[in-house]
Amino acid sequence: MSPIGILTLCHREEDMKKVLFAVYTSPAGSIWINETFRCIFGMYGQDIEPVALLLNEAVLAVHKNCKPEQCGVLPLSITFKYIEKYQTKVYAVKEDLEKYNIKEDEIDPRWNLQLILKSDLAEFVHSFDNVIFF
Amino acid sequence: MIITIQTNVPPYTNEDLDTAIHLAEVFLARGHKVNIFLFADSVLSANKFVKPMRIDRNIPMKLQELISKGVEVHICGLCAEYRGLTEDMKIEGSKFSGVPEMAALIYESDRYINLMP
């Protein structure tokens, strides 16, 4: 890479905004998990570094057997290829998974999920420039 | 300051649009630049053909008034298409945009407010 290219890259990294998309709504009964990820995937290439956080009822989405399409609504699986393509960081609150009795071996690996403790949430949230709740 | 308000839910079921409109009026009065981004079902609030009861508020017209005062009203184009909202139905001065424009608004806004019930 040319020195100018390196300088541009450094400048751009400084200019990137980190945005957390936090979704708390159930994966069945509302569209917000799908819409959250649609927003996230649209952020790439736009000077935005998006990250997803699933909390409260939204954590139900990560269970291998969570298939809203069985109720005739949009599947969650349409997000997987883009999570893989963009290597989207997806977090879920550990205590919320426990609340719904979701074991780690029941999590669909395609979510590329990382767990976060409730006690670490405040610092985590404050590390972003913007937090957008769905 | 540049302030963007995103709405997501229908205008005549939830009252988030009313909140957005009131906030926009206050922000404008204080000299801020205001954008409103209509996402998901909230795009329905840009339909100029709504016919609310006379005693109720006409949300599209209120949005149009805001536009005339300098507020930019963005409509998620894909959401609009999904819901059958076409160019000839939308309020004057509003514009179809999309997630890339949302990203740009997030990037350039000093405050980005996402209203969810």
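Hi everyone, let's start with one pair of residues: A:L53 has A:Y91 as its bridge partner in β3(A). A quick word before we go on: this is a predicted model.

Strand β2 of chain A, residues 48-54, and strand β3 of chain A, residues 89-93, run parallel and are joined by four bridges. As a reminder, strands of a sheet pair through backbone hydrogen bonds, either parallel or antiparallel.

Now step back to the sheet in chain A. What is the order of its strands? Reading across, the order is β4-β3-β2-β1-β5, an open sheet of five strands with parallel pairing. At the edges sit β4 (113-116) and β5 (130-133) of chain A, each pairing on one side only. On average, neighbouring strands of this sheet are turned by 30 degrees against each other, direction ignored.

Two helices of chain A lie across strands here. Helix α2(A), residues 32-43, lies across β1 (17-23) and β2 of chain A, and runs at about 170 degrees to β1(A). Helix α5(A), residues 118-126, lies across β1, β3, β4 and β5 of chain A, at about 105 degrees to β4(A).

Over to chain B, and to its strand β1, residues 2-7. Why is this strand described as largely enclosed by the rest of the structure? Because five of its six residues are buried. β1(B) pairs in the parallel sense with β2(B), residues 33-38, over six bridges, and B:T7 stands opposite B:L38 in β2(B). β1(B) is also joined to β5(B) by four bridges, again running parallel; there, B:Q6 has B:N114 of β5(B) as its bridge partner. Together, β1(B), α1(B) and β2(B) make a right-handed β-α-β unit.

Next, helix α2 of chain B, residues 59-68. Its buried residues are B:I59, B:P60, B:K62, B:L63, B:Q64 and B:L66. They pack against α1 (16-29) and β3 (72-76) of chain B. After the helix comes B:G70, with a positive phi near 110 degrees.

Finally, how do the chains meet? In all, 11 residues of chain B are in contact with 15 residues of chain A. On the chain B side, α4 (99-108) and β5 (111-114) each supply at least two residues. Which element gives the most? That is α4(B), with seven residues. By class, this side of chain B has 10 nonpolar residues, one polar and no charged ones.

How values were computed: Residues are numbered from 1 along each chain as its sequence is written. Chains are lettered from A and ligands numbered from 1 in the order in which they are written. This is a predicted model: local features need pLDDT of at least 70, side-chain atom pairs count only at pLDDT 80 or more; totals for chains, interfaces and linings use all residues. Two residues are in contact if their C-beta atoms, placed from the backbone, lie within 7 Å. Ala, Val, Leu, Ile, Met, Phe, Trp, Tyr, Cys and Pro count as nonpolar, Asp, Glu, Lys and Arg as charged, and the others, Gly among them, as polar. A residue is buried if 20 or more other C-beta atoms lie within 10 Å of its own, exposed if 12 or fewer, and partly exposed in between; C-beta atoms are placed from the backbone. Two strands pair if DSSP finds at least two bridges between them. Axes are lines fitted to C-alpha atoms, for helices over the stretch in contact, and angles run from 0 to 180 degrees between N-to-C directions. A crossover is right-handed if, with the strands pointing away from the viewer, the path from the first strand over the helix to the second runs clockwise.
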